[in-house]
Amino acid sequence: MFETPEEVKQKEPKGFWIGIVVVVIVVGVGGYFFLKSRDNAAKQASASNAPAVAKGNADPVHDLKIQRATMNKDRNGTIAVWLVTIENKSSVYSYSKIEYETTYVGADNNAILVNKGALPVTIAPGEQHNSEINDALYPAGTSWYKIRITGATPAAQ
């Protein structure tokens, strides 16, 4: 009548072991990517400390960008005065003796006056420079005007 009960052994469900295997794999993959990202960061840091190497020829017309240009007249209203912000987009070359050209155009879209000049400044790679240019007598009949960079003397850094 009284039988001794058999001991029930607890078996871990299969889902428990699958969960442990998944956690181990995720931790392993995460560790791999963490170490790989640290190696890439170290390589990038050493590359950024390396001196810049000149790639190709200098192109001042492409590298020097006029970020802002406004034209006003002097107190007498006769001389054109330009306020110009120039940025050097090159990562390798600095530019000096920056040559520019201003054009004053009449209502018929014909140039009334074209003036050329040079700025006696040097702009290092990645820098900006503000300049004030006293240009020429402001021509009567001007409808619109423009300024552009035409050249400069490059120097590799």
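1. Tyr104 stands opposite Leu113 in β4. Strands here are DSSP E runs of at least two residues, and helices are H or I runs of at least four, both numbered from the N terminus.

2. Some ground rules. This is a predicted model: local features need pLDDT of at least 70, side-chain atom pairs count only at pLDDT 80 or more, and totals for chains, interfaces and linings use all residues. Residues are numbered from 1 along each chain as its sequence is written, and side-chain values use heavy atoms, with hydrogens and water left out.

3. The sheet is open. Three strands make it up, in the order β4-β3-β6, with antiparallel pairing. Strands count as paired if DSSP finds at least two bridges between them. β4 (111-123) and β6 (142-156) are the edge strands, each with a single partner, so one side of each has no neighbour in the sheet. On average, neighbouring strands are turned by 15° against each other, direction ignored. Axes for that angle are lines fitted to C-alpha atoms, for helices over the stretch in contact; angles run from 0 to 180 degrees between N-to-C directions.

4. Strand β3 covers residues 93-106 and is joined to β6 by twelve bridges, antiparallel. Glu101 has Arg148 in β6 as its bridge partner. Ten bridges join β3 to β4, also antiparallel. The β3 and β4 hairpin has four residues between the strands, and Asn109 there takes a positive phi near 65°.

5. Now Asp63. Asp63 sits in helix α2 (residues 60-63). Asp63 is buried yet has no salt bridge. Buried means under 20% relative accessible area, exposed over 50%, partly exposed in between (1.4 Å probe, protein chains only). A salt bridge needs a side-chain nitrogen of Lys or Arg within 4 Å of a carboxyl oxygen of Asp or Glu. The nearest side chain of opposite charge is Lys65, 7.6 Å away. Lys and Arg count as positive, Asp and Glu as negative; His and the chain ends are not counted.

6. What does the side chain of Asp63 join in a polar contact of 2.5 Å? The side chain of Tyr95. A polar contact is a pair of N or O atoms within 3.5 Å; within protein, one must be able to donate a hydrogen and the other to accept it, and residues adjacent in sequence count only if both atoms are side-chain atoms.

7. Glu87 lies in strand β2 (residues 79-88). Glu87 is buried, at 17% relative accessible area. Leaving aside residues up to four places away in sequence, Glu87 touches Asp63, among others. Contact means heavy atoms within 4.5 Å.
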